[in-house]
Amino acid sequence: MIGASILFVVLAAFFWGLAGGIGAMLMADGWGPFVVSFYRAAIGLLFVFVWLSLRPRNSGLTSFKVWFWSAVAGLGFAGNFSFYFLSISHGSIAVAATLMYCAPVFVYLVSFALKLERPTATKWGAIVLVMVGIGFLTQIHDIEASGLSFISVGAGLLAGLSYALFIFGFKYAVPHGSPPAILSIAFLVAAIALIWPATAEQLLEVTRSEKWPLFLSLGVFGAGISFVFYIIGLKNTLPSIASVVAMVEPVTASLFGFVFLNENLIAPQVLGMGLILIAVTTLSIKTNYGPSSSKHTNS
């Protein structure tokens, strides 16, 4: 059972990494990051809604707190998806995925400020290590030579910050409702929030495009079965193990960019990526935040 649970988490992280590559291919064909983000959220909504319909008991859908915190999580989703793809469109998948992986750092900083978490030397050391890693990864001292842009770096960090918002929303919604209900509301809010920046005309154009199978794949793997697998897998997986396994996402995204999109990283960037992954994994192991807490709920 434990082995199967870890496999579910691995597959979820792999699919998230794959989603970055699919999104990059769609944007290379001229589709905007908001259009790509909308379909990732909308198709994800269909999957988790089916999951909710199969497990309607104890959903918490009558609770105001479930709707409020799930809506917060949904806004986090909208920002995470759109900033992530915006970062990819102005840089590379490897950099965007790794910067997004910095989300636990933002969670800790907010928790320190709100006195929800006690600062320690280890945690501050990991945060400093992440900052050093970001410097190496983005080559901030000579960003033009690195082939990146400030938009790419800024959007990548905002993607991580947005995911931290999702983590907080999900964390506070879980005690009042089931994961399928929370994710259904979150994806619904995300899809609604992305309609305006994507524009209705472009969204309708997708349905007439020959690229719709890629959009379908993006939603199915990047938000549909991936989140279902992740929540199911966490029911019998230790948070520390899940944190390490989650590194499959940026690694998969980086390999996709290298193999299919001819993206390369120089040695200092690889070093920076390694420092970030190690430091963030350490932070995640120290304290369990976000969806992993759902293993104590009725899913």
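Good morning. A crossing of two helices is called left-handed if the near helix is turned anticlockwise from the far one by less than a right angle. That term is needed for the first part of this predicted model.

I begin with a pair of helices. Helix α3, residues 64-89, passes helix α7, residues 150-173, in a left-handed crossing. Their axes lie 7 Å apart, and the packing angle is about 160°. Since angles over 145 degrees count as roughly antiparallel, α3 and α7 are therefore roughly antiparallel to each other. By class, the contact of α3 with α7 has 20 nonpolar residues, 9 polar residues and no charged ones.

The largest nonpolar core holds 66 residues. Which of them touch the most other members? They are Phe77, Tyr84, Phe166, Leu183 and Phe187. Helix α1, residues 2-28, gives the most to this core, with 10 residues. Another core, of 21 residues, lies apart from it and includes Leu99, Tyr101, Val153 and Ile276.

Phe187 deserves a word of its own. Leaving aside residues up to four places away in sequence, Phe187 touches Ala41, Gly44, Leu45, Val48, Phe77, Phe81, Ala223 and Phe227.

Finally, I come to Leu137, which is placed in helix α6, residues 121-138. Is Leu137 buried or exposed? Its relative accessibility is 0%, so Leu137 counts as buried. By contrast, Gly222 is 85 residues from Leu137 along the chain, and their C-alpha atoms are separated by 24 Å.

Definitions and conventions
Residues are numbered from 1 along each chain as its sequence is written. This is a predicted model: local features need pLDDT of at least 70, side-chain atom pairs count only at pLDDT 80 or more; totals for chains, interfaces and linings use all residues. Side-chain values use heavy atoms; hydrogens and water are left out. Axes are lines fitted to C-alpha atoms, for helices over the stretch in contact, and angles run from 0 to 180 degrees between N-to-C directions. Helices (H or I, at least four residues) and strands (E, at least two) are DSSP runs, numbered from the N terminus. Angles under 35 degrees count as roughly parallel, over 145 as roughly antiparallel, 65 to 115 as roughly perpendicular and the rest as oblique. Ala, Val, Leu, Ile, Met, Phe, Trp, Tyr, Cys and Pro count as nonpolar, Asp, Glu, Lys and Arg as charged, and the others, Gly among them, as polar. A nonpolar core is a set of buried Ala, Val, Leu, Ile, Met, Phe, Trp, Tyr and Cys residues joined through side-chain atoms within 4.5 Å. Buried means under 20% relative accessible area, exposed over 50%, partly exposed in between (1.4 Å probe, protein chains only). Contact means heavy atoms within 4.5 Å.
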